[in-house]
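Here's a quick briefing to read alongside the model. Have the viewer open and follow the topics in turn.

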Amino acid sequence: MPHTEIGGHRLALSNLDKVLYPATGFTKGEAIHYYASVADVILPHLDGRPLSFLRYPDGVEGEKFFTKHVPRGTPDWVTTHEITVVSKTPLHQVFIQDEATLIWAANLAALELHTPQWQVGHQAEADCLVFDLDPGEGADILDCRMLARWLRERAAQDGITLLPKTSGSKGLHLLAPIEPTDSDKVSAYAKQLAREAEADLPEHAVSKMAKDLRGGKVFVDWSQNNAAKTTAAPYTLRAKPRPTVSTPLTWDELDAARTPDDLVFLTSDLTRRIEADGDLFAPLLEATGPRNGRAKLPS
């Protein structure tokens, strides 16, 4: 079994040739290599946030394991914390604070990394606002773009700057840095904007979760601002037929897209993008300690 040493920690890497994405032949070794290559940009977005893993030990067509608790056999050097706000029973969750832990998780076939909108130092106080734009049957990511533009303009009226990224699946995520604010208040604000979007664009937007309402429309999911919910982290792999990545975008390239495929990014695209543009989601990381420089939600 091959080993590697990262940050003074010795890791055993297993089954590197195992195919996790059968449609493309993408292997576990390639997934580990991907996470190592983007460590510098993904780690700041995971810092201080409890991780929920989606593990696919037999590949994306096999059984998945949704993991919130610290997995058995977790090394003692992996950072963990007790989380008290997401369930009646406290959880002990993993925090990916360094490259060694990131590679350890990738070796567990934890392809998808999901985080809440708050950090452990202010549990249930969100420092990010999020909208998940999810196209229903007959709609696609270009329909999500229409809603993204509407939400961008509406949020800007309240001094909030939304940033777009692909979900890595069918839709778009919009996030904005905000002052740490009670998650219930953030959820209420996001729900208000989702309802306004539905009222203004009734042929295109829906704010209710019922799937039978989504045909040909985009569900503006505001609920991921709830303290107990999570969103796919920037730069995480997604468990789709191809190794797609939840990829930060510029508004200009979102506007320039002519087809849905123009907004699909694979692991092989990310190194070039990061070398050219850096971390397009860096504004989410600014002023994470002091509250200066982050938008305040309207009262």
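A search of the whole structure turns up 8 salt bridges, each being a side-chain nitrogen of Lys or Arg within 4 Å of a carboxyl oxygen of Asp or Glu. Keep in mind that this is a predicted model, where local features need pLDDT of at least 70, side-chain atom pairs count only at pLDDT 80 or more, and totals for chains, interfaces and linings use all residues. Residues are numbered from 1 along each chain as its sequence is written, and side-chain values use heavy atoms, with hydrogens and water left out.

**Salt bridges**

- Lys18 pairs with Asp58, with the closest N and O atoms 3.1 Å apart. This pair links distant parts of the chain, 40 residues apart: Lys18 is in the loop between β2 (9-12) and β3 (19-21), and Asp58 in the loop between β5 (52-55) and β6. Helices (H or I, at least four residues) and strands (E, at least two) are DSSP runs, numbered from the N terminus.
- Arg49 and Asp127 form a salt bridge too, at 2.8 Å between the closest N and O atoms. Arg49 sits in the loop between α2 and β5 and Asp127 in strand β10, so the pair ties together parts 78 residues apart in sequence. Both Arg49 and Asp127 are buried; buried means under 20% relative accessible area, exposed over 50%, and partly exposed in between (1.4 Å probe, protein chains only).
- Arg149 meets Asp255 at 3.0 Å, N to O, which connects helix α4 to helix α6 across 106 residues. Arg149 is partly exposed, at 35%, and Asp255 is also partly exposed, at 35%.
- Arg154, Asp158 and Glu196 are joined in a network of salt bridges.

- Strands count as paired if DSSP finds at least two bridges between them.
- Within that sheet, β10 (residues 125-135) and β14 (residues 218-221) run antiparallel over 4 bridges, and Asp134 has Phe219 as its bridge partner in β14.
- The other open sheet has 4 strands, ordered β6-β5-β9-β15, with antiparallel pairing. Here β6 (65-67) and β15 (231-232) are the edge strands.
- β9 and β15 pair over 2 bridges, and Thr115 has Thr231 as its bridge partner in β15.

**His114**

- Where does His114 sit? Its place is in strand β9 (residues 110-115), and at 10% relative accessibility His114 is buried.
- Leaving aside residues up to four places away in sequence, His114 touches several others, including Pro50, Ser52, Thr231 and Arg238; contact means heavy atoms within 4.5 Å.
- The C-alpha atoms of His114 and Ser52 are 5.1 Å apart, though the two are 62 residues apart along the chain.

**Helix α7**

- The buried residues of α7 (residues 267-277) are Thr267, Leu270, Arg273 and Ile274. Seen down the axis, they fall within an arc of 100 degrees, so they line one face of the helix; the arc is that of the directions from the helix axis to the C-beta atoms.
- The face turned away from that buried side carries the exposed residues Ser268, Arg272, Glu275 and Ala276.
- The buried residues of α7 pack against β4 (26-27), α1 (28-37), α2 (39-46) and α6 (251-256).
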